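Me: I should like to go through the reasoning behind some structural labels. Please set each value against its definition.

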Amino acid sequence: MTWETIAAQKRQALRATIPAEWVIPSDLLPPDSQLDVTNFLKESGWFTKRELEITSTPASQLLVNIATGSWTSEAVTRAFCKAAAAAHQLTNCLSEILFDKAILRARELDEYLRTTGRTKGPFHGLPISIKDNFNIIGHDSTVGFTSLVNDPATYNSTLIDLLLDTGAVLYVKTNVPTAMMIAESVNNVFGRTVNPRNRNLTSGGSSGGESALIAFGASRLGVGTDIGGSLRIPAACTGIFTIRPSAGRFPNFQTRSGLAGQEAVNSVNGPMASTLAEISLWAKTIVDQQPWVRDPKCLPIPWRTITPKRRLKIAVLWHDGIVTPTPPVARALKETVAKLREAGHEIVDWKTTWHDRLLSILSRMFVADGGKSVASLLKPTGEPFRPEMKAYAEAEEMGVHAMWQLQLERNGVCKSYLDQWNESGIDALLCKSPSCPTTPYSGVENGKFAYVGYTGVFNVLDYPAVSFPCGVYADKTIDGAYDGNDPLSGVDAQIRTDYNADNIHGMPVSLQLVGRRLEEESALMMAEVVLQTLQG
């Protein structure tokens, strides 16, 4: 079969796994012209009052309700499965559907609780969504390649076994870009995942299926991965929360990768959710399971209790010297800094001395094999490189000696960055995140995400980074034009040309708070302090 036929059959098979009763009735199906579908669950009339109550309840309370018998895990699981089915039909966010297995497991957990009077673990009965690259026995992990279709995993990723031991219910796997190396979730197998807040805009990548599912309201807790911004970019694109941890805090063993064996910059996994409290719940629960006993690369660092600081010293990265944030992002950063200063936090400016070097190092590491990893997965079916992966198609392989020199360069820059941090005496760095201040964008039209520099540098440094919506929304009436300064680079000029205030009106703006390496607890604490300040 051609790669096109393989992809078409996989998409058809995926759609066929949605039960008939969870196919959206034609009279309720939003028209393509309706861009925001985040209110579909509440406004369609297709979901019961109990289903809406379940899907809008935070994970911590869901766990209490299940453990006390107020709700069964089966009822909770069915509600999220139905919501996920709707989310997929409206945003194309799923890659594998596990509804039948999930409902069966939920029943077993309910029976376990009934007969023993105990929960199986800290996530007993809680539906958790999973990014496509986590292996689950009996299911594909295509990571966007047609050659990996109908190649079900014969083992679970370490995190999957850990989640099952905690009593979690796994009900869907979510879409990613080819090789998970594009900042938008689009591939030749499943196509493009769109943003439920505005379907003309991207949900980001590579964890864009997760971000779309959560923003739609069909998951309370999901798991993604990040090697250059793949958690933070989609979280910012859709206005949800995430943390990119340092390597070794959460288990990432036996996951599928489009660049298998590449460890010059480590891929890490982390939670995605609608609230910061759910991010903290996931992080503490996972570390409390002592994942270092299962994963040889996990560090034996128990979860630490951090006393919140009333006053923080925060450095602000207004721009990275390469790309200027778009107008709503620049405004959000200014307003956030003003509120922090008013609340008594000390704010200093951050010099971008090393950011261009760090981004250059990252880009060279990604294509050090000359694109051979990606090419070898495309070749069996004759699948072409997607246009977004031009750098991989044209790359030349780097020799071992050159790679070693690149790693020496990385180590030197990381030391210089650490010295700058120590000399400044700051607690955290506040800058742009992937779609809002995590990136230069507050929203990006499908196919136009052009810059990952605001996230990728912290992958090279291996610093924990929390992406969070700061409460500012793009407004076409006040975010129409840049400040008049000249573009900082060619890519900056392109982003300015692409910017259209009308297209992103109403989109949430996210910021990124960066902490010291392996201090995830502190990063989450400081993000909470910042949020409390912003919320008054």
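Me: Where is the place of asparagine 175?

Reply: Asparagine 175 is in the loop between strand 3 (169-174) and strand 4 (186-187). Helices (H or I, at least four residues) and strands (E, at least two) are DSSP runs, numbered from the N terminus. The model is predicted: local features need pLDDT of at least 70, side-chain atom pairs count only at pLDDT 80 or more, and totals for chains, interfaces and linings use all residues. Residues are numbered from 1 along each chain as its sequence is written, and side-chain values use heavy atoms, with hydrogens and water left out.

Me: Why does asparagine 175 count as buried?

Reply: Buried means under 20% relative accessible area, exposed over 50%, and partly exposed in between (1.4 Å probe, protein chains only). Asparagine 175 is at 1% relative accessibility, and therefore counts as buried.

Me: What makes a polar contact with the side chain of asparagine 175?

Reply: The side chain of asparagine 187 does, at 2.9 Å. A polar contact is a pair of N or O atoms within 3.5 Å; within protein, one must be able to donate a hydrogen and the other to accept it, and residues adjacent in sequence count only if both atoms are side-chain atoms.

Me: Which residues does UniProt list for "active site", and why are they said to gather at one spot?

Reply: The unreviewed UniProt entry lists Lys131, Ser206 and Ser230. They span 100 residues in sequence, yet no two of their C-alpha atoms are more than 10.9 Å apart, so they gather at one spot. UniProt positions are given in the numbering used here, feature names are shortened, and annotations may be inferred rather than shown by experiment.

Me: Why is serine 206 called buried, and which side chains make polar contacts with its side chain?

Reply: Serine 206 has a relative accessible area of 1%, so the label buried applies. Its side chain makes a polar contact with the side chain of lysine 131 at 2.6 Å, and another contact of this kind, of 2.9 Å, joins the side chains of serine 206 and serine 230. Serine 206 is found in the loop between strand 7 (198-202) and helix 8 (208-216).

Me: Is serine 230 buried or exposed, and why?

Reply: Serine 230 counts as buried because its relative accessibility is 7%. Serine 230 lies in the loop between strand 8 (221-226) and helix 9 (232-238). Leaving aside neighbours within four places in sequence, serine 230 is in contact (heavy atoms within 4.5 Å) with residues including Lys131, Met180 and Thr225.

Me: Why does glutamine 405 count as partly exposed?

Reply: Its relative accessibility is 37%, so glutamine 405 counts as partly exposed. Glutamine 405 is found in helix 15 (residues 400-424).

Me: How do you know that the span of helix 18 agrees with what it should be?

Reply: The expected span of a helix is 1.5 Å times one less than its number of residues. The 15 residues of helix 18 (residues 520-534) should therefore span 21 Å, and its end C-alpha atoms are 21 Å apart, which agrees. Helix 18 is also mostly covered, as 13 of its 15 residues are buried.

Me: What makes up a nonpolar core, and which members of the largest one touch the most others?

Reply: A nonpolar core is a set of buried Ala, Val, Leu, Ile, Met, Phe, Trp, Tyr and Cys residues joined through side-chain atoms within 4.5 Å. Of the 96 residues in the largest, Phe123, Ile128, Leu163 and Phe468 touch the most other members. Helix 5 (residues 73-91) gives the most to this core, with 10 residues.
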